[in-house]
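This report describes salt bridges and strand pairing in one protein model. The sequence and structure are shown first.

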Amino acid sequence: MRNIIALILSIICLNTFSQTSESYSKQNEKLGINYGLLKTNYYSNQLEIEKKEFKSILFTNEEAKSLYKKGKTYSTFGYIIGTPSLILLLVQLGDFQNNPPITEVLVGSIIGTTGGFLLDYIGRTKVKKSISIYNNEIINTTLNIKPNGVGLALNF
């Protein structure tokens with residue numbers, strides 16, 4: 001009789017332990033960016049990281065990757081157009097007293113400088129939007145360990 005009771009209790013205990021599980025949760029990194037005057041800083045969970053690491057994390061989301069690349073393209077074209085235009089504008093204004101600027105060149109350099117800064121602004125906005133998309137799509141990963149196996153759950 002004792003053996004039967006012990007057998008029944010051990011089956012109940014084994015069944016109870018197999019139904020419970022331990023869960024370990026890990027939240028993916030929350031990314032951030034800070035544009036400085038000469039340097040851009042990249043962050044993961046408010047800790048500064050390298051650009052290469054930042055991009056490898058961000059590029060796990062295809063929509064964020066696409067928007068990030070578009071934003072960087074806009075910023076690059078903004079620098080290509082805006083920097084020479086700004087230099088030309090400053091040269092013309094610096095020599096304004098001795099040599100008055102040609103109106104067409106002055107207007108062109110003003111338009112180029114404004115257009116360059118505008119393209120850079122649009123690019124930076126797209127990059128920040130890509131980071132926002134990534135941060136809003138963070139996947140919660142849960143590892144379940146049970147006596148009869150291990151499971152991985154991805155919660156969207």
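## Salt bridges

K39 and E48 are joined through their side chains by a salt bridge, with an N to O distance of 3.6 Å; the term denotes a side-chain nitrogen of Lys or Arg within 4 Å of a carboxyl oxygen of Asp or Glu. K39 is exposed at a relative accessible area of 54%, whereas E48 is partly exposed at 47%. Buried here means under 20% relative accessible area, exposed over 50%, and partly exposed in between (1.4 Å probe, protein chains only).

The whole structure holds two salt bridges. D120 pairs with R124, their closest N and O atoms lying 3.3 Å apart. Because these residues are four apart in helix 4 (residues 103-136), about one helical turn separates D120 from R124. D120 is buried, with a relative accessible area of 10%, while R124 is partly exposed at 24%.

Three strands form an open sheet in the order 2-3-4, with antiparallel pairing. Strand 2 (31-35) and strand 4 (47-49) are the edges; each has a single partner strand, so one side of each lacks a neighbour in the sheet. On average, neighbouring strands are turned by 40° against each other, direction ignored. Axes are lines fitted to C-alpha atoms, for helices over the stretch in contact, and angles run from 0 to 180 degrees between N-to-C directions.

Strand 2 and strand 3 (residues 40-44) run antiparallel and are joined by five bridges; pairing requires at least two DSSP bridges between two strands. G32 has Y43 of strand 3 as its bridge partner. Helices (H or I, at least four residues) and strands (E, at least two) are DSSP runs, numbered from the N terminus.

## Basis of the values

The model is predicted: local features need pLDDT of at least 70, side-chain atom pairs count only at pLDDT 80 or more, and totals for chains, interfaces and linings use all residues. Residues are numbered from 1 along each chain as its sequence is written, and side-chain values use heavy atoms, with hydrogens and water left out.
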